[in-house]
Amino acid sequence: STPGASTPGGFMQQALDNAAATAPVWLRDWLQDGRGRWEASAMPTRKTEDWKYTSIRPLQQDYAVACATAAAPLAMDIPELGGYRLVFVNGYHRADLSSAELPAGVSLVRFADADEHQATRIRQHLGSAAGRDRDLFSALNDASLADGVFLEIAEGAHIEETLQLVWITCSPRTACSVNQRLLVLCGANSEARLIEHFASDTPEQHTFTNGVTELLLQPGAKLEHYRLLLEEALAMHVGGVYVRLDRDATLDGFHLALGSTLKRVDVVVEHRGPGAHCGLGGIYLPRGREHVDYHTCVEHAVPHCTTDEVFRGIVSDEARAVFNGRIHIHPDAQKTRAELSNRNLLTSADAEVDTKPELEIYADDVQCAHGATVAQLDETSLHYLRTRGIGEEEARVMLSFGFINEVIDSVRCETVRNYLRPLLARRLSRDPSLTRHLA
């Protein structure tokens, strides 16, 4: 059968068979369980609530397993970032492009290289945030898990160097799939900054990335997490970020998605200990006929936790964006403070956005707010700029950039901010001369 049918089809058969043949022995039962859940699940259709506005029809093709390649990857450098970098090309580790030494207080092991002690440690934490009852594509990730990365920050360690994981796809001819899995354990009272950077090294892609990242923050831990989806427009990506926050832990998360044929990201945060804080910021910029879908869910299960979530989208041409943000306040989660904001700008009459902010509250002593807007460029502001001698197209670019500038300013890492400003300015205009004031 094919995607869109009642059960998952064979479009990922090669990836499943390859994982079964190459995965470490200690992961085999994990793969078998994932495969059972994958094959027993129904493919989402437009009648599936979480996929109501996103079709998986673009996935209707057979995918070969991505091959190792010696191609020199492009667009992976963030100038002046420094720190430690680990690079994968088509899912294969590239030692020649990666840093040689880790900062003190950081340990990193690939699943395929884990010894017995490391394997036990990974199995102890794997799935702690993602669970085994998540969506269909999480099951597919489990079923295809031949390799992954386990990153651990030692208890009490304050890591000043940035940790960057680069996932690069390269598929100029045949459709191929890449399975990405990252497990991060931040020890008690530790601090670190982590960047996940997804990019392409060829102008045309026929790749499908299925990615899962788990972030486990123990009591008092602080983590800055950036997930930058900067792949080429034909590269498809379905992924999830699953977070577990213990007592007094703090996550500052930032998400960026340039559009593609299909991009779907689920972000699930669970407050497991009192005093935890979650800050989520995000920007999505589909254009042409691209599609971006963000589904976020923050679970407040305990009291005295806070959430601040802000997502901005600019949708151009005939592109489509979907945003579904949910904050769930459980009965025991008294003294919660949670806010959710989603604003969208349509720069074309043919652009479309479907936004649905949700608050589900079962506690009575909380402070919560949510809101969403969909608008077009303000004609008064546009006229004002025109009367100051600024051309119409340049004025539109300036106003669009101003719409997302609030979220860019909230990015804590100055180096990342300096990297994003010119990148997003170029994204907003196909004429580089129009962005000279913004970069």
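In what order do the ten strands of the open sheet run? The order is β3-β2-β6-β8-β10-β12-β14-β16-β18-β20, with mixed pairing; strands are DSSP E runs of at least two residues, helices H or I runs of at least four, both numbered from the N terminus, and two strands pair if DSSP finds at least two bridges between them. At the edges sit β3 (92-93) and β20 (366-376), each pairing on one side only. This is a predicted model, where local features need pLDDT of at least 70 and side-chain atom pairs 80 or more, while totals for chains, interfaces and linings use all residues. Residues are numbered from 1 along each chain as its sequence is written, and side-chain values use heavy atoms, leaving out hydrogens and water.

Now follow the parallel pairings. Strand β2 (residues 84-89) joins β6 through six bridges, and phenylalanine 88 stands opposite tryptophan 167 there. Seven parallel bridges then link β6 (residues 163-169) with β8, including leucine 165 with glutamate 196. On to β10 (residues 222-229): eight bridges tie it to β8, again parallel, and arginine 193 partners glutamate 224.

β8 itself (residues 191-200) is mostly covered, with nine of its ten residues buried (under 20% relative accessible area, 1.4 Å probe, protein chains only). Across β8, β10, β12 (250-258), β14 (277-285) and β16 (306-315) lies helix α7 (residues 414-428), at about 25° to β12 (axes are lines fitted to C-alpha atoms, for helices over the stretch in contact, i.e. with heavy atoms within 4.5 Å, and angles run from 0 to 180 degrees between N-to-C directions).

Conventions. Buried < 20%, exposed > 50% of the residue type's maximum accessible area, 1.4 Å probe, protein only.
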